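Please look over the sequence and the model before reading on.

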Amino acid sequence: MPFRAPVTDFQFLFDHVVDFANVSATERFADADRDTTEAILLEAGKMVDEVMAPINRNGDLTPAVLENGVVRTSPGFADAYKAIAEGGWISTGASPEYGGMGLPHTITTAVNEMMAAGCLSLQLNPLMTQGQIEALEHHASEQIKATYLEKLITGEWAGTMNLTEPAAGSDVGALSSKAVPNDDGSYAVSGQKIFISWGDNDFTGNVCHLVLARLPDGVPGTKGISLFIVPKYIPDEAGNPGVANTLGVVSLEHKMGLHGSPTAVMQFDNAKGWLVGDAHDGMKCMFTMMNNARLGVGGQGVGAAEGAYQMALEYALERKQGRTPVEGGGTIIDHADVRRMLAGMKADIFAARAIEMACAVAIDMGTATGEKEWKARAAFLTPIAKAFGTDVGIKVSEDGVQVHGGMGFIEETGAAQFSRDVRVTAIYEGTNGIQSMDLVARKLMDGGDAAYALLDEIEDCAEKVRESMADLAEPLWQATETLREATEWMVAQGNMNDRFAGSVPFLRGFARVLGGYYHLRAAIAEGGEGPRSKLAKFYIRRLLPEHAGVLVHAMQGAEDLYAITAEDLGAA
């Protein structure tokens, strides 16, 4: 069966789980009523089903290549990108002042996840452009906005972000790229950047690079970094692509997956660029783009999981193998372990998607109301949405291969592509370890207020149905109390390394409890009867208990880690 975008799942979440009605009730997003939202989701889903999903295999089988300095993209990608751009799917969240739709970020996030499920390699392109649009809207001069935003929003031009260098990975402050002022107000940018997603293509009129570099008076470290927009073609007086800039693609990385997405090594040789934001304020500007991308990458993980799940389910429904305990059965979906894997895949996809959408709603409420509580919630949920969403993508795609059995290991089925493509999502835009460190450090600097507000909300919900849905509400309430104790422990640790030592299991435990909360809300909306209620019971009985073990791990501190020396780790 062909891929089907999960439009009804998004609408259910909006209506019953993440309170999207609160967003629609604000003056800022009053136009995003239910009918409008449903129509947008349906149209986006149709485009994904008919245009993006059919080309997904093309990117894996016929990767992007670099020929004589020109990037040639995979078959069908140019036409699919045209459909994305002409459909307005790059512009959903952009400002109407420059031609965008100005829709809530929740809708953009849902559309992007569906596109990632259809073809993750291609979806990376508009995701990067959307992040650049947001960064320019917030930080660029009016002249830069007038030159670039409209063309980026229409998709006529594409955007990238250039942070990483060969000797400066996660430690961005160690970069060596330089920018020297020119006489005309522009800058000569020089340096090499690596791992640049969609560093070039053969279907947009220009590629606009946001590049981090250091001015001559920039101090060492992140405080001395500035941000520049450096286009492939320098716009002429009419704003059209003019002469070629002195930059280019040195090579394309040979990757484990995402072969349809050209990941470039970029060289800038006194390339002409323009300062975005204030001098030495580049990290602040770039973080606008990175925070957008972090939630988007979490959605990429969930999208890949959706694609892998649908393929595994189709195979399980058709593959006949052995005897089953189900009368009239005969396909492998009736084997207990296969049923367990499929139920676990679906339950985790729902949990991760709900966290993703709840984070997007908090972003929208913060934008619409300006209330610090909403902004704090959005900030707190972002690393959880990114890390858990991508972890789920990796696990579900691995289970998808397992459901296929030996055929999953055979490339012709396409099951392995999801596993290879999604693996990098736990690495880029800040590794999941960095996300967890951010959660226990910056995001607990408020003394845990944002975390406790979420825990209070979960317990209030569980209390309301503690009698009518005791089998679901009671274990969730107890799990939330355990999580509260772990959060209090984290907040009490003055040695940040003690927090870092348990940060990954702490994030995992928080995500597990949040997933239980959103499953409970789904069951409540369904009256405790129906497929979502059955899935909630599966999650809360079988997956939620994981929280206990990981939270014990989270509270062990760092001493025992460092008691194991580097020599011990290398010992026979």
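**Cavities and pockets**

The largest cavity has a volume of about 70 Å³. On a 1 Å grid over the protein atoms alone, a cavity is a set of points where a 1.4 Å probe fits but cannot get out, and a pocket is an open set with protein on both sides within 12 Å along at least five of seven lines; lining residues have an atom within 4 Å of a point. A volume is the space filled by probe spheres set on the points, which are joined across faces, edges and corners. The model is predicted: local features need pLDDT of at least 70, side-chain atom pairs count only at pLDDT 80 or more, and totals for chains, interfaces and linings use all residues. Residues are numbered from 1 along each chain as its sequence is written, and side-chain values use heavy atoms, with hydrogens and water left out.

**Cavities**

- Two cavities of 30 Å³ or more are found in a search of the whole structure.
- Residues lining the largest cavity include His 105, Glu 113, Asn 292 and Glu 356.
- The second largest cavity, of about 50 Å³, has Asn 56, Phe 418 and Asp 421 among its lining residues.

- The largest pocket has a volume of about 1,300 Å³.
- Of its 47 lining residues, Ile 427, Tyr 428, Glu 429, Gly 430 and Thr 431 are the closest to the centre of the largest pocket.
- The second largest pocket has a volume of about 960 Å³.
- Among the 32 residues lining the second largest pocket, His 105, Glu 134, His 138, Ile 363 and Thr 367 lie nearest its centre.
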